[in-house]
Amino acid sequence: MRTADLTTALILIAGGALVIWDSLRLGIGWGTDGPQSGFFPFWLAVLLVGACAAIALQARRRASRAPFITRAQARPVLSTLLPSAGFVLLTQFIGLYVAAMLFMGFYMRWFGRYGWIPVALLSVLFPVLTFVVFEKWFLVPMPKGPLEAWLGY
Amino acid sequence: MGWENLLLGFQVALQPFNLGLAVLGITLGTIIGVLPGLGGANGVAILLPLTFSMNPTSAIILLTSLYWGALFGGAITSILFNIPGEPWSVATTFDGYPMARNGQGGEALTAAFTSSFVGALFSVVLITLFAPLLAEIALKFGPPEFFAIQLLTFSSFIGLGGGNPIKSLVAILIGFILASAGLDIVTGQLRLTFGITELMKGFDFIIAVIGLFGIGEILLSVEEGLAFRGVSARINPTVVWQTWKILPRYYRTFIRSAFIGFWMGFKPGGATPASFMSYAFARRFSRNPERFGQGEIEGVVAPETAAHAAGGASLLPMITLGIPGSPTAAVMLGGLIIWGLQPGPMLFR
């Protein structure tokens, strides 16, 4: 718990510092027509940094030594989180639909240990269905990659 | 005035198309509620884009049905698996799971869905009667009043959040900071965009809900493991009928829990404390409090009625003041805005 609290607090303090830096650029004072653009973000970030410092102090003083997450728990979480992150990254390059196909196929086979037939069926049918729903029916353009370009979309 | 609106509402809701949507929504919602890690808020968030092509009334019917279905799905897992699907079904596990283990699973489920119906209907009637009144008052509100309400809301987030209050404060501040990114509507300056064009519009609310809340919930349920130790239950018309014959005996519990739920439901995060409070009251006023926790049907009736009354009541501040009373109401608020309805007192003009 202690390490987790400290790490989160430090990351958020860094984020708060970034916000403070940008707010200082915009001006944190009172302009002729009211607060300047940086006014609200600046004070929010100051409060955030203060609260995170308090959490870090609390964690140092009296947080339990019990682990935040055990190795057995971390495994399934990471094996869900990492493919999902990969899916978002892949979407930028090969488009949403192909990335969804790869992600579903990989995740169902590797984590869910399904047979090849349901894996192939679902991971092909679901992206095709979403493609029809979004691109044809709702006319909402989604990120597309080389495959869609080759098919003429 | 109020009663006419209520009748008009039922007429619209009972049209075959809308009734079909409601059945679809409840079926989907129950499935979503039974699946661990997917609750009402996630379900509504996932289905929200699919409703954009519908007319707003049908879309609201679909999403609210989904919401109720998810609430009831949470009760099913509480009773049969001792796993609450939603925070407010935790109190249902106290007596629901022991009942299922005693072989009374069917009775517990019947009590749960009957109480849900009573609680929900009660709060719908009250909402219809009270919403125009509250909107009337809200129309007289100026910036100081709205500031006061928002301050109260965020203070109660910290007070009712449970756990470490500083962490609740940090979560609220992160939300505020995310909301301040993008174009400053007062001065027209770009803030916190760091030269990234996509950030000009700021962070979309739905994206924040799905990303921070939805994915977080899914990871949490993956961490807890998806092992089920279920109790099988038989449910047939005879069991339902038998249970319905006993239930009127608990009319006091129904009425008390409905009022507790409605009253608590206004406040953010209201359904969970309402279900616990209602359970505690039912135990307090019961003639045989020692049987609570071992499979007392009243222990299922009380939290379920209160949670559903609160679920309905949480929509009241959303439509009249524009302040959501629960995460699901917050997602629906986003939907209402996208359909072109600006929640708030002007909706009633």
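Two residues are in contact if their C-beta atoms, placed from the backbone, lie within 7 Å. The legends below describe a predicted model, in which local features need pLDDT of at least 70 and side-chain atom pairs count only at pLDDT 80 or more, while totals for chains, interfaces and linings use all residues. Residues are numbered from 1 along each chain as its sequence is written, and chains are lettered from A and ligands numbered from 1 in the order in which they are written.

**View 1. Chain A and its elements.** Among contacts in chain A between residues at least 6 apart in sequence, 56% join residues at least 24 apart. The chain comprises six helices and two strands; these are DSSP runs numbered from the N terminus, with helices (H or I) of at least four residues and strands (E) of at least two. From the N terminus on, the order of elements is α-β-β-α-α-α-α-α. Of the 153 residues of chain A, 21% are buried. A residue is buried if 20 or more other C-beta atoms lie within 10 Å of its own, exposed if 12 or fewer, and partly exposed in between, the C-beta atoms being placed from the backbone.

**View 2. Helix 2 of chain A and its surroundings.** This helix covers residues 39-62, 24 residues in total, and reaches 35 Å from its first C-alpha to its last, close to the expected 34 Å. The expected span is 1.5 Å times one less than the number of residues. Its buried residues include Phe39(A), Phe42(A), Leu48(A), Cys52(A) and Ile55(A). The buried residues of helix 2 pack against helix 1 (2-26) and strand 2 (34-35) of chain A, and also against helix 7 (165-180) and strand 2 (190-191) of chain B.

**View 3. The side of chain B that touches chain A.** Here 20 residues of chain B are in contact with 25 residues of chain A. Helix 7 and helix 8 (205-223) of chain B each supply at least two residues of this side, and helix 7 gives the most, with eight. By class, the side has twelve nonpolar, four polar and four charged residues. Ala, Val, Leu, Ile, Met, Phe, Trp, Tyr, Cys and Pro count as nonpolar, Asp, Glu, Lys and Arg as charged, and the others, Gly among them, as polar. Among the elements of chain B, helix 7 has the highest mean pLDDT (86) and helix 8 the lowest (70); pLDDT is the predictor's confidence in each residue, from 0 to 100. The model scores ipTM 0.79 and pTM 0.61.

**View 4. The largest nonpolar core.** A nonpolar core is a set of buried Ala, Val, Leu, Ile, Met, Phe, Trp, Tyr and Cys residues joined through C-beta atoms within 7 Å. The largest has 73 residues, and Val44(B), Leu63(B) and Ala274(B) are among those with the most contacts inside it. Beyond its neighbours within four places in sequence, Ala274(B) is in contact with residues including Ile260(B), Met264(B), Ala306(B) and Ala310(B). Apart from this core lies another, of 20 residues, among them Ala9(A), Leu12(A), Ala45(A) and Ala56(A).

**View 5. Phe122(B) in helix 5 of chain B.** Phe122(B) lies in helix 5 (residues 90-139) of chain B. Phe122(B) counts as buried because it has 22 C-beta neighbours inside 10 Å. Leaving aside neighbours within four places in sequence, Phe122(B) is in contact with Ala258(B), Phe262(B) and Ala309(B). The C-alpha atoms of Phe122(B) and Ala313(B) are separated by 9.6 Å, although the two are 191 residues apart along the chain.
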